[in-house]
Amino acid sequence: MKAIVQTAPKSIEIRDRERPVPSDDEVLVQVHYAGLCGSDAHAYKYEGGYEWIPIPRVMGHEYSGKVVEVGENVTNFAVGDKVVEEPIHDCGTCFQCKNGQPNVCQNFEITGMHNDGAYTEFTTVEPDDLHHIPEDVPLRQASITEPLSIATRAVFTQSNVTPGDTVLVEGPGPIGVLVAAVADSMGANVVVSGLGKDGAYRLPLVEELGIDTINVGSIDLEDVVDERTDGIGFDVVFDTTGHKSGVEMAIDNVRKGGQVVVVGLPGDSSDVFMTPIVRGEIDLNTSYGSTWRNFEQAIRVMANDSIDVDSIVDTSYSVDEPTAAFEAFLDSETCKPVFSFVDE
Ligand SMILES: [Zn+2]
Ligand SMILES: [Zn+2]
């Protein structure tokens with residue numbers, strides 16, 4: 001079977017791999033669609049924090065597919081079922097797992113990093129790591145369940161957003177776009193900010209979803225705050241930029257008594273000046289990964305047509321030329337490239 005394999009930093013190849021055989025406790029899933037996420041792009045560059053990944057490695061953790069074979073001991077999945085995998089496998093035994101916080105498990109393993117992933121035609125999975133996808137949700141849409149679950153966690157679990165709230169989402173990458181779409185679906189008044197090259201594809205995509213955007217490379221954010229919030233600042237700011245300046249910008253633009261939710265990993269230590277945060281009683285929260293519940297929320301959001309998933313999923317890149325998708329992603333020429341292994 002065909003697989004997209006990382007062989008060296010910035011080098012990926014199509015290789016032929018043996019089709020795996022499920023154990024009695026596993027199912028075999030035929031991958032239909034597999035998405036490219038920010039962490040895949042970091043792994044592709046083999047950046048700091050990712051050089052531990054053994055290569056060659058079959059990449060990919062965001063995917064949807066169909067069960068094609070079921071191990072003898074598996075009772076809750078059947079051949080033909082539409083599924084997605086929860087790719088961050090918690091250990092189930094550490095303090096956080098026992099404490100109902102598996103997204104911050106001490107010993108988690110990620111499909112496509114610790115083990116071979118889903119950029120391939122078939123993969124074996126334990127049923128505990130799978131979610132059923134309803135018949136009326138196309139697998140092309142379901143391929144983004146995992147990143148959407150990160151957005152449902154950030155908005156539904158970790159933020160205070162309510163309908164009518166003014167919300168700023170910093171960064172129109174895949175997580176920013178999905179956070180904005182989820183907040184917009186619940187009736188918040190959302191604007192997404194981006195920089196220079198986001199103007200080519202990502203901010204227009206957000207506009208296509210019916211959500212306002214600002215390119216802070218050319219527009220003064222202060223004017224936007226005045227206009228949209230009567231100068232008091234946003235009720236909630238989500239930082240998905242993955243850059244320390246995003247946290248600083250969030251704190252500058254949230255209102256006193258408002259909330260900042262940091263979703264991206266800011267990397268370098270941030271020189272955040274704490275005094276205005278205390279004086280403004282700003283709630284500084286974080287959101288990391290997602291849980292079983294956030295996956296189910298994501299699936300329901302799709303089943304209810306609450307967000308325009310079809311516009312977000314970009315299946316224009318070929319499985320046979322995966323480098324093009326990675327390079328385009330890194331250049332912000334796409335937002336959520338998804339490889340089609342089986343076209344529906
Ligand atoms: Zn991901
Ligand atoms: Zn654990």
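Contact here means heavy atoms within 4.5 Å. This is a predicted model, in which local features need pLDDT of at least 70 and side-chain atom pairs count only at pLDDT 80 or more, while totals for chains, interfaces and linings use all residues. Residues are numbered from 1 along each chain, chains are lettered from A and ligands numbered from 1 in written order, and side-chain values use heavy atoms, leaving out hydrogens and water.

Q: Which residues does Ile 251 touch, not counting residues up to four places away in sequence?
A: Let's start with its place, which is in helix α8 (helices, H or I, of at least four residues and strands, E, of at least two are DSSP runs, numbered from the N terminus). Ile 251 and Val 272 are 21 residues apart along the chain, with 8.4 Å between their C-alpha atoms. Leaving sequence neighbours up to four places away aside, Ile 251 touches Val 260, Val 272 and Ile 277.

Q: Is Ile 251 buried or exposed?
A: The cut-offs for relative accessible area are under 20% for buried and over 50% for exposed, with partly exposed in between (1.4 Å probe, protein chains only). Ile 251 has 11% relative accessibility, so Ile 251 counts as buried.

Q: Which residues coordinate the zinc ion (ligand 1)?
A: Donors are N, O and S atoms within 2.8 Å of the metal (3.2 Å for Na, K and Ca). Here the donor residues follow the spacing C-x23-H-E-x83-E in sequence. At 2.2 to 2.7 Å, the zinc ion is held by Cys 37 (SG), His 61 (NE2), Glu 62 (OE) and Glu 146 (OE).

Q: How many residues apart in sequence are the parts that Cys 37 and Glu 146 tie together?
A: Cys 37 counts as buried at 14% relative accessibility, and Glu 146 is buried too, at 7%. Cys 37 sits in the loop between β3 (27-35) and α1 (38-45), whereas Glu 146 belongs to helix α4, so the parts they tie together are apart in sequence by 109 residues.

Q: At what angle do α4 and α10 pack?
A: Glu 146 and Phe 156 are among the α4 residues that meet α10, where their partners include Phe 295 and Met 302. The axes of α4 (145-157) and α10 (292-303) are 8 Å apart, and the helices pack at an angle of about 105 degrees.

Technical notes
Axes are lines fitted to C-alpha atoms, for helices over the stretch in contact, and angles run from 0 to 180 degrees between N-to-C directions.
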